[in-house]
There are 2 protein chains.
Amino acid sequence: MVREITDIARTHLARDGAAGLSLRAVAREMGMASSAIHRYFPTKDDLLTALIIDGYNAIGDAAEASQQGQDPTGRWLALCHAVRDFALERPHEYALLYGSPVPGYQAPADTIAPAMRTTLVYGRIISDARPVSPVAVPPPAVLGPDVEALRSVMPGVSDEVVTPALTAWTALFGAVSFELFGQFGDTITHRREIFDHGMRSLARYLGL
Amino acid sequence: MVREITDIARTHLARDGAAGLSLRAVAREMGMASSAIHRYFPTKDDLLTALIIDGYNAIGDAAEASQQGQDPTGRWLALCHAVRDFALERPHEYALLYGSPVPGYQAPADTIAPAMRTTLVYGRIISDARPVSPVAVPPPAVLGPDVEALRSVMPGVSDEVVTPALTAWTALFGAVSFELFGQFGDTITHRREIFDHGMRSLARYLGL
DNA sequence: GCTCGTCAAGAGCACTGCTCTCTTTTCTGT
DNA sequence: ACAGAAAAGAGAGCAGTGCTCTTGACGAGC
């Protein structure tokens, strides 16, 4: 039952986006009274949470599947394209995960574990490669605890590389979001190629 | 009149976000009938467009004001912090400008000129500095037209640097969005410092 | 056989964007 | 100064939303 609701909700989400998702419309499509759906998902946020968890798991699957034993740069590029392909195929789900949060929605704790899956794929790449960034500089002392926290995702990586690695990670999502959210307008025509070139240059930035 | 409506709408936007913005609530606060507001903004999208244009101009103002004749790296850092400060001060407006687009809304053409203001500030920095990136590689031939289009924002910059410059630009917004949209959770405590360190490393990546 | 908990339905509340009609106000041209 | 036109606002109404509360069906356990 929950499965059927989330499946229908996902198709509505894919079509209309998170804000256009309507519990009543889902109920209608199931031939159910609008009130009955609240038995399974008491509030719309609960349904959104389920979709968010599914979404993180879907992109986590894609991220993990992209890692087929290449060299670090190949794995990094594969991960980048996995994220971008997911975003292009399921834009509304990507927006739900990495875009502006829907107002009033507070992500519960059980979303963070699925969200970490994709991050951990990245962490493993960096951790395995132990890159030496050509432009890295040691982080200031205040950042000690934060560097330590970040290193738990990429064990064994030196202080100098942990922070550029974070920057590259956010840069990936910045590039995807910029493209997906229409910031490029129509200035860029070969989007995949320019994305690929940008991610390759980030690999060199990291020293992969 | 239009001014008063947008002012009130902006306070509502700051409080409730774009999706929570209600024409009726704005009308109520003005002591007006809900229908009367449609005379000034026929549709909610029109009001959003006005807010978006104002928002782009506000961040454009901040970006331009940050450029006080330092060296290129200083100007780049000042621009980064101007963007980040704007995002932290007016998160819902930032989300409206650079976050996931509100569903069904199609940005009209008159938003792109204000949007370009901030981009042009960046373009001038790169154009003035003509950096030589230590990790740059010439873009593939297919990207010729795109590189040309990008160069119109940063005249005189070499092919090798145009694409990393785009990557750094999207990386800036990726870092701000990650922080603002809660992707860091509570792993990062010194957010300003880690942002600053990341943007400095991007400056070296660009060869500024 | 009879309770009792689960599931679904229906009605209803308060809210939304938007349209239509009707009235009032304001401005303009003579 | 005054009549007419144009603009501005009010009100009712439609279709839709999330969510709550109450009522009815149905099957399992005592």
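1. Read along the sequence, chain A runs α-α-α-α-α-α-α-α-α, that is, nine helices and zero strands, where helices (H or I, at least four residues) and strands (E, at least two) are DSSP runs numbered from the N terminus. This is a predicted model, in which local features need pLDDT of at least 70 and side-chain atom pairs count only at pLDDT 80 or more, while totals for chains, interfaces and linings use all residues. Residues are numbered from 1 along each chain as its sequence is written, chains are lettered from A, and side-chain values use heavy atoms, with hydrogens and water left out.

2. On confidence, chain A has a mean pLDDT (the predictor's confidence in each residue, from 0 to 100) of 94, and 100% of its residues reach 70 or more.

3. The C-alpha atoms of chain A fill a box of roughly 60 × 40 × 30 Å along the principal axes. Of the 208 residues in chain A, 53% are buried, meaning under 20% relative accessible area, with exposed over 50% and partly exposed in between (1.4 Å probe, protein chains only). Of the contacts (heavy atoms within 4.5 Å) in chain A with a separation of 6 or more, 74% join residues 24 or more positions apart.

4. In chain B, helix α7 (residues 144–151) and helix α8 (residues 159–180) pack at about 75 degrees with their axes 10 Å apart, and are therefore roughly perpendicular, the class for angles of 65 to 115 degrees (under 35 is roughly parallel, over 145 roughly antiparallel, the rest oblique). V147(B), L150(B) and R151(B) of α7(B) meet D159(B), V162(B), T163(B) and L166(B) of α8(B).

5. The whole structure holds 19 aromatic pairs over all chains, a pair being rings of Phe, Tyr and Trp (its six-membered ring) with centres within 6.5 Å, stacked under 30 degrees, edge-to-face over 60 and tilted for the rest. The rings of Y94(A) and Y98(A) have centres 5.3 Å apart and planes at 40 degrees, so this pair is tilted; both residues lie in helix α5 (residues 91–98) of chain A, four residues apart, and both are buried.

6. The rings of Y56(B) and Y98(B), with centres 5.8 Å apart and planes at 90 degrees, are edge-to-face. Y56(B) lies in helix α3 (residues 44–65) of chain B and Y98(B) in helix α5 (residues 91–98) of chain B, so the pair ties together parts 42 residues apart in sequence.

Methods: Axes are lines fitted to C-alpha atoms, for helices over the stretch in contact, and angles run from 0 to 180 degrees between N-to-C directions.
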